[in-house]
Structure formats: structure tokens, C-alpha cells
Amino acid sequence: MLKAGEQAPEFELFATPDQKIKLSELRGKKVILAFYPADWSPVCSDQLALYNETLKMFDKHNATILGISVDSKWCHLAFEQDRNLHFSLLSDFEPKGAVSKLYGVYNEEEGESKRALFVIDEEGQIAWSYVSPTAINPGADGILDALEELNVNK
Amino acid sequence: MSLKPAVTETDHRQGNGSASLTIVEYGDYQCPHCGKAHPVIKEILDTFGDQVLFVFRNFPLQESHPYATIAARATEAAALQDKYWEMHDAIFEFQSQLNEEFLFSLAERLELDLDQFREDITSAEVKEKVENDFESGVRSGVNGTPSFFVNDNKFDGDATDLFNVLKESGN
């Protein structure tokens with residue numbers, strides 16, 4: 001997986017059925033990428049439900065969070081609505097898993113993204129990355145520690 | 001992962017303040033797993049009595065559980081009238097009936113000053129207490145509810161696992 005200090009590779013993925021997001025559009029903000037295996041699976045839902053509640057804490061650090069999985073944009077839409085999610089889920093759907101592979105967090109065997117986190121600074125450089133065992137929800141403490149460290153090092 | 005901040009005077013505590021074993025639960029009043037954990041925690045407290053200090057901190061997942069935050073505030077408002085644990089227990093015991101109206105009927109049953117309760121439940125102080133609990137949980141690595149900490153270290157398991165570990169180490 002890509003490590004701290006490396007430039008975060010550019011990508012463009014669907015965030016809604018008719019709208020794409022480019023990573024470079026978020027330059028000037030910190031970006032949290034949360035790759036996860038699948039919509040609807042129990043551990044992911046807990047993880048995303050947690051981030052849904054910590055948005056305010058991310059916002060204090062001028063940070064935007066994006067979830068990424070190989071699910072389709074319509075699947076994401078249904079999942080977002082069902083879980084009341086207030087942040088975007090990106091569809092790494094076509095070609096399947098291309099962005100996950102680019103970041104070195106694709107699980108070839110399952111055909112899913114690994115459960116991995118990246119914190120990217122305002123200039124698009126990776127400040128922190130972490131891959132969690134698939135069955136374990138990594139929480140938000142590592143993300144917040146990384147965001148805090150970015151503020152200290154300025 | 002460890003507890004940040006450690007247990008302080010502002011926490012709601014039950015049991016023996018100088019016990020060698022401190023259990024901290026981060027919980028959500030509308031979370032069914034927390035509801036299931038509640039009688040197990042009671043049993044732990046009954047079994048180990050003076051050997052344990054139990055602390056509850058609020059971790060409402062508001063977007064998943066629409067009554068979680070108001071319930072947490074209700075316990076904090078009850079605490080201002082010295083009825084924290086009574087409210088805490090009552091909400092978990094009647095969890096399936098939880099809604100805003102029900103919290104007020106509990107307040108009435110606990111003979112709280114209802115005008116005061118109504119004022120406190122929306123006060124900045126109570127709101128902040130619940131938010132601070134939540135933030136401390138996030139910073140301590142809480143990733144869902146209930147999450148338990150034993151002597152400041154995150155415990156990997158549910159209340160029943162915790163009870164079993166305590167029983168084994170007690171013998």
C-alpha cells in the first residue's frame with residue numbers, strides 16, 4: 001500500500017449516479033480515504049456509521065471523508081439512504097478496483113477493496129495510511145491522530 | 001488502545017472508588033447490544049461488589065438511533081437531580097419503549113422536578129457533557145457500542161466475555 005510521504009495518485013470516480021469526484025478538486029482540503037470491502041456487510045456498516053457521527057470532528061480539521069468500495073453507484077445510493085450517511089461513497093466499479101489497486105489496497109482473492117485508511121494533506125501528499133484486518137473496524141482515532149499531527153507540523 | 005481521558009470525578013461511577021478493577025462502558029441507550037449488556041453488567045457488579053468500579057460514558061450513534069442523544073441527555077439531566085443511575089437503569093430496562101415522551105414519563109416516575117428536567121435536557125452544559133463523552137470515546141478507539149475498557153485498556157469482547165474473563169481470573 002502507498003505510504004506517508006508519497007503523492008496520492010489522482011482518480012475520478014462516481015460519487016452519485018450522475019456526478020464524478022476528482023481527488024484534485026479537493027486540493028486545499030485534507031482528504032480521508034476510507035477503502036472498505038462492501039456496502040451492507042456488518043463491520044463496514046459500523047465503521048461508516050461511526051464516521052457519519054465523527055464528521056463534525058473531521059470538519060474541525062478542514063478534512064473531507066470519502067468512502068470507496070467496488071460497489072456500483074446505485075448500490076451506494078441505496079446504502080447511503082438506508083444508513084442516513086452524510087458523506088460521499090465512491091464507486092471503484094469500472095474498471096473494477098482500479099483505484100484500490102493504484103493505492104495498493106485491493107484484495108484479489110475476494111475481488112474487494114481492503115479495509116484501508118489514508119489521510120491526505122492539502123497538497124495531495126499522503127500523511128498517514130493504515131490497513132486494518134478485514135474483520136476489524138479501525139475506528140476513527142488513528143485518523144484524528146494523523147489530522148492533529150498535520151496541524152502540529154505546519 | 002487506551003482510555004483518554006482516564007476516569008475522573010465528572011464521570012458517573014458505581015461501585016468502589018478505590019477498587020483495583022475499573023470497567024468503563026461506552027454505550028448508546030438505543031443500541032440493542034447495549035440493552036443486552038445491561039443485565040450482564042448488573043450481574044458483574046453484584047458478583048464482584050467492592051472489587052469493581054463501573055463507569056458509563058455516552059456514545060450515542062445519533063444517525064443510526066434517533067433517540068440515542070436525547071436519552072443520553074435525559075440521564076445527564078437526571079444526574080443534576082441525583083438520579084443518574086435510576087434513569088440509566090430505567091432506560092435500558094424499558095429500551096423497547098424508548099422515545100422522547102417516554103423519557104419524560106420516566107422522569108415523572110423518578111419524581112424529578114419536571115420543569116428543571118425539561119430545562120436541563122436541552123441545556124448547553126448537558127449537551128456538552130454528552131459530546132465530550134462521545135469525543136473521548138472516539139479518541140480512545142471506540143468503534144461501536146458497547147465498547148468496554150478494563151483498567152484503561154480496550155477490552156476485546158462483549159459484556160458476557162468480560163464476565164467470563166473476570167470469573168476466571170477471580171478463581
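**Note on the salt bridges and the A–B contact**

1. B:Arg13 has a relative accessible area of 34%, so this residue is partly exposed. Its salt-bridge partner is B:Glu9, with an N to O distance of 3.4 Å. B:Glu9 counts as exposed, at 67% relative accessibility. The model is a predicted one.

2. B:Lys42 and B:Asp89 also form a salt bridge, their closest N and O atoms being 2.8 Å apart. B:Lys42 belongs to helix H1 (residues 32–48) of chain B and B:Asp89 to helix H3 (residues 84–93) of chain B, so the pair ties together parts 47 residues apart in sequence. B:Lys42 is partly exposed at 28%, whereas B:Asp89 is buried at 14%.

3. Within helix H6 (residues 124–139) of chain B, B:Asp133 and B:Lys129 are four residues apart, about one turn of the helix. Their salt bridge has its closest N and O atoms 3.2 Å apart. Both residues are buried.

4. Now the interface. Chain B gives 16 residues to the contact and chain A gives 18 residues. About 1,400 Å² is buried between the two chains, with carbon and sulfur atoms giving 48% of that area. On the chain B side, B:Glu63, B:Arg139 and B:Asn143 lose the most area to chain A, together 49% of what that side buries.

Note on methods:
Residues numbered from 1 in each chain as written. Chains lettered and ligands numbered in written order. Predicted model: local features only at pLDDT ≥ 70, side-chain atom pairs only at ≥ 80, totals over all residues. Heavy atoms only, no water. Contact = heavy atoms within 4.5 Å. Buried area = accessible area lost by both parts, 1.4 Å probe. Salt bridge = Lys/Arg side-chain N within 4 Å of Asp/Glu carboxyl O. Buried < 20%, exposed > 50% of the residue type's maximum accessible area, 1.4 Å probe, protein only. Helix = DSSP H or I, 4+ residues; strand = E, 2+ residues; numbered from the N terminus.
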